[in-house]
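Here is a brief report on one protein model. It covers overall dimensions, strands, cores and surface.

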Amino acid sequence: ISIPRLNIENAVVSTIDTDTAKHLVNYGKVNIPGNAGNSLIFGHSTLPQFFNSKNYKSIFTNIHKLKNGDKIYATIGNSIYQYSVFKRTIIKPSDVSLLEQDYSNSYITLVTCTPPGTLWKRLIVKARFEKII
């Protein structure tokens, strides 16, 4: 995925394993971008001074800066799917509502710990499919 506002370019998202130190992780292979449903993509955050958009141990540190309308791009094969951010929420780690599927469109949900560098809560950023570029 690529997130221009955060200077994240072509970050790898794995559907094979859950090693978030090596790549982002699409939770449970539930859905992949471009298909109807919700793709849950998990990544690490850390203290802001350690943010590096190329380091998977800190890649989602700044997703709290995403605003409604910001774009997220998912490249799958030769297709680029454009998504637009429409919602940000903070939930407790025990809240499993983010696992719910909505097949009315294709969604990407970014998930990380918040505040950055802690395990206290989860920051959820949802984006809705707009078009194929």
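## Overall dimensions

Why does the radius of gyration of this 133-residue protein agree with that of a compact globule? With 133 residues, such a globule would have a value near 14 Å, and the protein has 13 Å, which agrees. The radius is taken over C-alpha atoms, and the globule rule is 2.2 Å times the number of residues to the power 0.38. Along the principal axes, the C-alpha atoms fill a box of roughly 35 × 30 × 30 Å.

This is a predicted model: local features need pLDDT of at least 70, side-chain atom pairs count only at pLDDT 80 or more, and totals for chains, interfaces and linings use all residues. Residues are numbered from 1 along each chain as its sequence is written, and side-chain values use heavy atoms, with hydrogens and water left out.

## Strands and contacts

The protein has seven strands and zero helices (DSSP runs: E, at least two residues, for strands; H or I, at least four, for helices; numbered from the N terminus). Take contact as heavy atoms within 4.5 Å. Among contacts between residues at least 6 apart in sequence, 56% join residues at least 24 apart.

## Cores

Buried means under 20% relative accessible area (1.4 Å probe, protein chains only). By that cut-off, 43% of the 133 residues are buried.

A nonpolar core is a set of buried Ala, Val, Leu, Ile, Met, Phe, Trp, Tyr and Cys residues joined through side-chain atoms within 4.5 Å. The largest has 22 residues; Ile1, Ile3, Phe60 and Leu110 touch the most other members. β4 (71-76), β5 (79-91), β6 (106-114) and β7 (121-132) each give two or more residues to this core. A second, separate core of five residues includes Leu40, Ile91, Val111 and Ile124.

Definitions and conventions: Buried < 20%, exposed > 50% of the residue type's maximum accessible area, 1.4 Å probe, protein only.
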